[in-house]
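Hello,

Here is the structure I said I would pass on. My notes on what was found in it follow below.

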Amino acid sequence: MDVLDFGLKPLSTYLSDAVRHDLQKRAQRRMFGDGQALHRQGADRARLCLVAEGKVRFGRFQHDGSFKLLSMLGPGAHYGDVALERRAFTQDVHAVGPCEIDSIDGVALDALLRDHPDFAVALWRCNTARLNAVLELYDDARTLPVMARLAKVLYVHTGRGEVPDGVACLQRELAELLGVTTVAVGNAMKALERAGLVEPGYRRVIVPDKARLKAWLRKSGVA
């Protein structure tokens, strides 16, 4: 599945070369294989992590053993700063393919912030953008039908991953992301297909005309 970061810029794009270099010197890099657990909810010691290579997925295992996907992040993205406040990770994190993670503990992070105040500004800017995205998702879940929410996710992520004119994904993953059933996503996908806005395929959804999808979203009061 493609990165699902809701179109947000990763932390690395906010960092100066000096901060990036110093962070890499202070961080500990670890390598993980496909599907390997990086962190367990409530179990692992909290630390700030940056994705150096590859992709990771975030979510929580439910009582029935199913995994509810919340997001997927790629190179340059960070996570774990919220966990530092709770002293443990709040979600389960797994590798999607081989990946490399740079991690820095709370003590080293405090030193980095003291030496580079602009790093605090970078974190603030990146996390503010994330907060805005979360609030928007919450509002969408309360006010928009599944068809519009699905169309919005596909629009935002089209062309940002391995499929130049669409999104690499499974309907099950989209259902987990939207917090609805696969049946609801399937029905919404068929409606978008009938409208000529998407072309579902094997492990991917093609968006033949992104500008037309955007126009549809605007007409629907979404964008």
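A search of the whole structure for disulfides (pairs of cysteine sulfur atoms within 2.5 Å) finds 0. Cysteine 49 is in no disulfide, and the nearest cysteine sulfur, that of cysteine 99, is 10 Å away. Cysteine 49 is buried, at 0% relative accessibility. Here buried means under 20% relative accessible area, exposed means over 50%, and partly exposed lies in between, with a 1.4 Å probe and protein chains only. Cysteine 169 is also buried, with a relative accessible area of 6%.

This is a predicted model, in which local features need pLDDT of at least 70, side-chain atom pairs count only at pLDDT 80 or more, and totals for chains, interfaces and linings use all residues. Residues are numbered from 1 along each chain as its sequence is written, and side-chain values use heavy atoms, with hydrogens and water left out.

Next, histidine 78. Its relative accessibility is 0%, so histidine 78 counts as buried. Leaving aside neighbours within four places in sequence, histidine 78 is in contact (heavy atoms within 4.5 Å) with residues including Cys49, Cys126 and Arg130.

Last, aspartate 92. Is aspartate 92 buried with or without a salt bridge? A salt bridge needs a side-chain nitrogen of Lys or Arg within 4 Å of a carboxyl oxygen of Asp or Glu. Aspartate 92 has none, and the nearest side chain of opposite charge (Lys and Arg count as positive, Asp and Glu as negative, His and the chain ends not counted) is arginine 40, 4.6 Å away. Arg40 is also among the contacts of aspartate 92, as are His39 and Gln41.

Regards
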